[in-house]
Protein chains: 4
Amino acid sequence: MTAGPSRYVAVIGAGRCGGELAAAAAEVGRLLARAGATLICGGMGGVMEAACRGARGEGGVTIGILPDLSRAGGNPYLDYSICTGTGHARNLAVAASGDAVIAVGGEAGTLSEIGLALKCGRPVVLLASWDIRQGGELPGGVREASTPAEAVELALGLINPP
Amino acid sequence: MTAGPSRYVAVIGAGRCGGELAAAAAEVGRLLARAGATLICGGMGGVMEAACRGARGEGGVTIGILPDLSRAGGNPYLDYSICTGTGHARNLAVAASGDAVIAVGGEAGTLSEIGLALKCGRPVVLLASWDIRQGGELPGGVREASTPAEAVELALGLINPP
Amino acid sequence: MTAGPSRYVAVIGAGRCGGELAAAAAEVGRLLARAGATLICGGMGGVMEAACRGARGEGGVTIGILPDLSRAGGNPYLDYSICTGTGHARNLAVAASGDAVIAVGGEAGTLSEIGLALKCGRPVVLLASWDIRQGGELPGGVREASTPAEAVELALGLINPP
Amino acid sequence: MTAGPSRYVAVIGAGRCGGELAAAAAEVGRLLARAGATLICGGMGGVMEAACRGARGEGGVTIGILPDLSRAGGNPYLDYSICTGTGHARNLAVAASGDAVIAVGGEAGTLSEIGLALKCGRPVVLLASWDIRQGGELPGGVREASTPAEAVELALGLINPP
């Protein structure tokens, strides 16, 4: 019997995005796949789809945690999909299922996933994403990256060895 | 038969807080009660408890949406409590059950509730809370207040008439 | 400061029902209100609406835990409504928020709530509802009633004193 | 790019079980794996673990949808695990993520999953499980099997072609 995958990384971001963010997300997906990490996401379009497309192109495994009861709305680059039926509340499962979380751009749902990830003690790496401060400081557990490569390197480095 | 309450306001914030934030939360609760709004919160301590204490002192109604299966952990100023059993995922119910949301201070869970509220189209008023920006701008639907009175006035003003 | 309500009873059943079940549900609601219990339900039509209508007619308090992000779909006899946004997963909050649960008739969602209530250790009273057996026996924690009065009496009797 | 797996089957049952049920669950897992179906379960012990062990022994893929925020409690035969953090509410994701559901034995949580599966329109096959009737009849969508082979054959036959 082989062990399960040792590392999961959640990639979060908007369900619709422009070409630049999509390219960044795809590169994040590619780099995660090359590192052998399993990609977790919300399973929909935009950043999620681009990241899955990148990962699949490198032979990586992608899992989509969908908001609906049906898997029909999932993007076409998912190896496995989970039908939660709990709408935006599934954001908790996305955040918690990552040993680390990378936010690429993002809108309100992404902001909620950042908060939930921090609440669950998951490290979060921001790439062209929200600027979130309290008293002028980034919250503990959050790092900012300026390239996909830096984001993936930071995220994998922040995962505690099993 | 009388109609149900016309306005719900969710007050969100950390489960532990210092005296200054507690005083602000209690004042928010008092002002909401005087305005006849029903106070929704996560039902726990800190900001939630202070807001409920304030509201109850003015005869307001308070509802706690608890993370656990038991209501034993709820604060003592709840008129009604809901046992969700879904942990941090209940943050969605807290955010969505407010016609408007007031954040008083706050930690990671509060950040998630702000994101979820925005995702659900609920207006959010920040009082000594997170500074959240994208491209240097506050997200649409977010307002900043500098006093409890301003926070309550903004929140009630942002609720669409029924 | 007065204590919160000491007893919550969840009434569960189908969102559409015939006149006989509606009459039974309304009678359950009336009797719960007279006993001073707060009525919890899923907030929709059918058995839920009839029970709320009965309770409101006797001055009881009714709380609907809605599946959607909006309270627009709630029945008109709710004093308070919670917008969970988690669809059928909100059945857990309905079941867990009752100190006891009364099932009146019921379809698949009701069956799930019975299972969830038992999982949470809440006593369940069945009135013209599912016949659920394992090895020919009703599960522990389940009682059958033949009238609304018997259902309410059993349910209130099964609630442990606080 | 290859397509995702065409068929998911959820295997549900108690987190602790005796040797006979474990043997039946393991055989269900083996037969599902041989048929190329992806096994979905709640990720814990008992029937879930036995089914995963069977599936893994035949090279099948197993996914556990865990109740907790951590994957530490998952059984050792999971290829992939999802950390929902929503406790028993994750039963909806287990039920909905199966294109069909097989119940092996079962306690209260299993009963809730049967109800949720039916609510979501997923066919359910019962193997030494609950006897659930209304007016003396099994609910539509439910079939009873007397052997693991019959259970798997029925479940796969009930999945609509994609």
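How many bridges join strand β6 of chain C to β8(C)? I will come back to that in a moment, after a word on conventions. What we have here is a predicted model, in which local features need pLDDT of at least 70 and side-chain atom pairs count only at pLDDT 80 or more, while totals for chains, interfaces and linings use all residues. Residues are numbered from 1 along each chain as its sequence is written, chains are lettered from A and ligands numbered from 1 in the order in which they are written, and side-chain values use heavy atoms, with hydrogens and water left out.

Let me begin with the fold of chain C. The answer to the opening question is 4 bridges, and they join β6, residues 124-127 of chain C, to β8(C) in the parallel sense; strands are DSSP runs of E with at least two residues, helices are runs of H or I with at least four, both numbered from the N terminus, and two strands pair if DSSP finds at least two bridges between them. The whole open sheet has 7 strands in the order β4-β3-β2-β1-β5-β6-β8 of chain C, with parallel pairing. Because β4 (80-83) and β8 (142-145) of chain C stand at the edges with a single partner strand each, one side of each is left without a neighbour in the sheet. From one strand to the next the twist averages 25 degrees, where axes are lines fitted to C-alpha atoms, for helices over the stretch in contact, and angles run from 0 to 180 degrees between N-to-C directions.

Helix α1 of chain C, residues 19-34, touches β1, β2, β5 and β6 of chain C, and its direction makes about 155 degrees with that of β5(C). Helix α2 of chain C, residues 46-57, touches β1, β2, β3 and β5 of that chain, and its direction makes about 165 degrees with that of β2(C).

Turning to the interfaces, chain A and chain B bury about 2000 Å² between them, 70% of it on carbon and sulfur atoms, buried area being the accessible area (1.4 Å probe) that two parts lose on being put together, summed over both. His88(A), Lys119(A) and Gln134(A) supply 27% of the area that chain A buries against chain B, more than any other three residues. Lys119(A) also forms a salt bridge with Glu107(B), the closest N and O atoms being 2.8 Å apart; the rule asks for a side-chain nitrogen of Lys or Arg within 4 Å of a carboxyl oxygen of Asp or Glu, and the count between these two chains, A and B, is 2. On the chain A side of this contact, α4(A) gives the largest share, 9 residues.

Key
Contact means heavy atoms within 4.5 Å.
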